[in-house]
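I want to look up a few things here and jot them down as I go.

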Amino acid sequence: MLINKDNGGKTIGWRETYQSKDESVDVSVHRNVTTVTTRDRNTGKVETKTFVGKPLLPSDLSGGSK
């Protein structure tokens with residue numbers, strides 16, 4: 001997991017990639033925008049969904065408090 005921090009050291013996002021034999025999934029969170037990209041490793045087909053609002057794991061971005 002890569003964690004993004006602002007100049008003050010506050011966590012503002014993260015990025016993580018998951019891989020299996022058949023597909024890879026990339027989850028990227030930056031402030032209130034979450035992007036999930038899935039790629040089929042056999043066909044090369046890519047699907048991306050973007051969500052605006054609370055991050056998927058808000059406790060990770062706020063240092064453990066909600």
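Is D26 buried or exposed? I get 13% relative accessibility, so D26 counts as buried (buried is under 20% relative accessible area, exposed over 50%, partly exposed in between, with a 1.4 Å probe and protein chains only).

Ground rules before I go on. This is a predicted model, where local features need pLDDT of at least 70, side-chain atom pairs count only at pLDDT 80 or more, and totals for chains, interfaces and linings use all residues. Residues are numbered from 1 along each chain as its sequence is written, and side-chain values use heavy atoms, with hydrogens and water left out.

Entry: D26. I find D26 in strand 3 (strands are DSSP runs of E, at least two residues, numbered from the N terminus). Its side chain makes a polar contact with the side chain of R15 at 3.1 Å. By polar contact I mean a pair of N or O atoms within 3.5 Å; within protein, one must be able to donate a hydrogen and the other to accept it, and residues adjacent in sequence count only if both atoms are side-chain atoms. Leaving out residues up to four places away in sequence, D26 touches R15, E16, T17, T35, V36 and T37 (contact means heavy atoms within 4.5 Å).

Entry: I see 5 strands in an open sheet, order 1-2-3-4-5, with antiparallel pairing (two strands pair if DSSP finds at least two bridges between them). Strand 1 (2-5) and strand 5 are at the edges with a single partner strand each, so one side of each has no neighbour in the sheet. From one strand to the next, the twist averages 10° (axes are lines fitted to C-alpha atoms, and angles run from 0 to 180 degrees between N-to-C directions).

Entry: pairings. Strand 3 and strand 4 (residues 33-40) are antiparallel over 8 bridges, and I note E23 opposite D40 in strand 4. Their hairpin has 2 residues between the strands, and R31 takes a positive phi near 55° there. Strand 4 and strand 5 (residues 46-52) are antiparallel over 7 bridges, with V52 in strand 5 as the bridge partner of V33. That hairpin has 5 residues between the strands, and G44 takes a positive phi near 85° in it.

Entry: K21. Where is K21 found? I place K21 in the loop between strand 2 (11-19) and strand 3 (23-30). K21 counts as exposed because its relative accessibility is 72%. K21 and R41 are 20 residues apart in sequence, and I get 7.6 Å between them in space, C-alpha to C-alpha.

Conventions:
Helices (H or I, at least four residues) and strands (E, at least two) are DSSP runs, numbered from the N terminus.
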